[in-house]
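These are my notebook entries on one model, kept in the order in which I looked things up.

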Amino acid sequence: MMDTNIKNNNFICQIINKDFNKNKDLSFYTRFPPEPNGYLHIGHAKSICLNFELAHLYNGQCNLRFDDTNPLKENVKYIHSIKNDINWLGYKWHGDIRYSSEYFEKLYQYAKELIRKGLAYVDELTKEQIREYRGTLNTPGKNSPYRNRTIEENIELFENMKNGKFSEGKACLRAKIDMNSSFIIMRDPVLYRIIFAEHHQTQKKWCIYPMYDFAHCLSDSIEGITHSLCTLEFQDNKCLYNWILRNTSITHFPQQYEFSRLNLEFSILSKRKLKILIDNNIIQGWNDPRIPTLSGLRRKGYTPSSIKHFCKEIGVTKQNTLIEFSMLEHCIRKELNQTSIRTMAVLEPIKIFLYNLDKNHEEKFIVPNHPNNPEMGTHEIIFSNTIYIERSDFQEKYEKKYKRLKLGNKIRLRYAYIIKAEKIEKDEHNNIINIICYCDLNTLGKKPKNNKNPSVIHWISEKNAMPAEFRLYNQLFNIKNPEKEKNFLSYINLESLIKKNGFIEKEMGKKIRNKINTSNSKLCFQFERIGYFCIDKIDSKKNYLVFNRTVSLRDTWNTKKLEQKNITNN
């Protein structure tokens, strides 16, 4: 086991510690139970990290169980993606994968047990009528006219449901609890409904399917789960969770504990709403880098360790808060600053002609892959009389505060010489197509005579330029909390994806394209002065590389922390 300080770092650990103090022989069993109806997102990552890390911390086990109770919304592709995401995060579930559908026969028998105890009945109200009869927070519910059927009638009707003698929506099994309960979920909740659809695991064996709340608690019991951890929206469901366990002949009683779900700025985490974004062609799919699915974050360049670091930073509490997106960016930026290769790229190129160099002039410079880590090696760049710089690094109109290249002004090229802009050439539309500059060949690695160093900009030689596409991802929404908005589609940021066509260093590009199909290769880079990027392995081809911006260079979250620290100290 790990040290006591770690074991007291959140309220769930404190609960588990008390349980172990009461029972020294206690075993810790938990589970991660996703519904296979969508891809996992950063909120699921918080739950995955919590469950698997606690299992490791307390020498226990964590099952992976798919709560697959609705064949209409589930798909095998989601099962594969969920397994892949958990493996990618670096976790291994205990034993074989479990499915709630494995327990359908047992669940059916537990349902019949409730009927025999007079605690469940077959109802023939429509969905709309059930909703109407249930009442509201301010008004009590009223009993269904079918509520007082005999046990024998209900057993026969439930078997008829199972045998396909009712059509969909014509009958359901409901628990008989209390239509006046202050908890709406306890007002005779539906336990089983009829669905004529092929199930991905049981095929056509069943036409009745248990509701999530009924299957979930019993599946926990069947698997011997000791601590069933879920998010706060299931807090009211706990009443039903415990009611079902108390009123069936189960021999093992799991304990449910709730923690706050993850809410992330500028993001949607609801799988239903994410699907709306996909169906409306607002995003490309579940792995679009603009959404915080694990596959989207992975495609954007996020690493398992950065996501786990983020989950550790936000902690586990009962307080619902909106987490700053910049905190997630801080975690990946901090890592990539240490691990990513530095290279140069020009996203919006403008050409510079160095008129005092011969057209055959060519120099090769050896530059470091990382300024602070010699072990990451070096690579070669080429310098010639024609180079590309960023269009934003030149300004035609004079501005005193502008410190980059302008007419009559000097600038240093990264790893190379100081140049001076003397003239510009334009096309018929008045666009600058060429900047004529003088190159001072006496300034390589030297300070200018006046000891005043000019600003430094990045560049790529025309002889060393490989075309590439750059995708700059911004927040998908232009408000901080789109989850709260009913019409969340009204707040889409129309500039959430900006594409640029520019150049990367040819020699670096050749190395990258040879590794595109290598699954374990970490193709993440810092394009100097621009940001951190990764290769898009889906859209890149050997003759056409696509780069996704993972995160910018500026760490706004860390800056805020320092500012707050200074305010506190003062």
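Which residue in strand 16 is the bridge partner of Pro368? I found that Thr378 takes that place. Before going further I noted that this is a predicted model, in which local features need pLDDT of at least 70 and side-chain atom pairs count only at pLDDT 80 or more, while totals for chains, interfaces and linings use all residues. Residues are numbered from 1 along each chain as its sequence is written, and side-chain values use heavy atoms, with hydrogens and water left out.

**Entry 1: strands 15 and 16.** I took helices (H or I, at least four residues) and strands (E, at least two) as DSSP runs, numbered from the N terminus. Strand 15 (residues 362-368) pairs with strand 16 in the antiparallel sense over seven bridges; pairing requires that DSSP finds at least two bridges between two strands. Strand 16 (residues 378-384) is mostly covered, with five of its seven residues buried, where buried means under 20% relative accessible area, exposed over 50%, and partly exposed in between (1.4 Å probe, protein chains only).

Entry 2: I then turned to an open sheet of three strands, with order 1-2-3 and parallel pairing. Strand 1 (29-32) and strand 3 (98-99) stand at the edges with a single partner strand each, so one side of each has no neighbour in the sheet. Strand 2 (residues 61-66) is joined to strand 3 by two bridges, and Phe66 stands opposite Tyr99 in strand 3. Helix 3 (residues 42-57) packs on this sheet, touching strand 1 and strand 2 (contact means heavy atoms within 4.5 Å), and its direction makes about 155° with that of strand 1. Helix 4 (residues 76-89) lies across strand 1, strand 2 and strand 3, at about 160° to strand 2.

**Entry 3: helices 12 and 13.** Helix 12 (residues 304-314) packs against helix 13 (residues 325-339) at an angle of about 135°, their axes 9 Å apart; axes are lines fitted to C-alpha atoms, for helices over the stretch in contact, and angles run from 0 to 180 degrees between N-to-C directions. The two helices are therefore oblique to each other, since angles under 35 degrees count as roughly parallel, over 145 as roughly antiparallel, 65 to 115 as roughly perpendicular and the rest as oblique. Among the residues that meet are His309 and Phe310 in helix 12 and Leu328 and Lys334 in helix 13.
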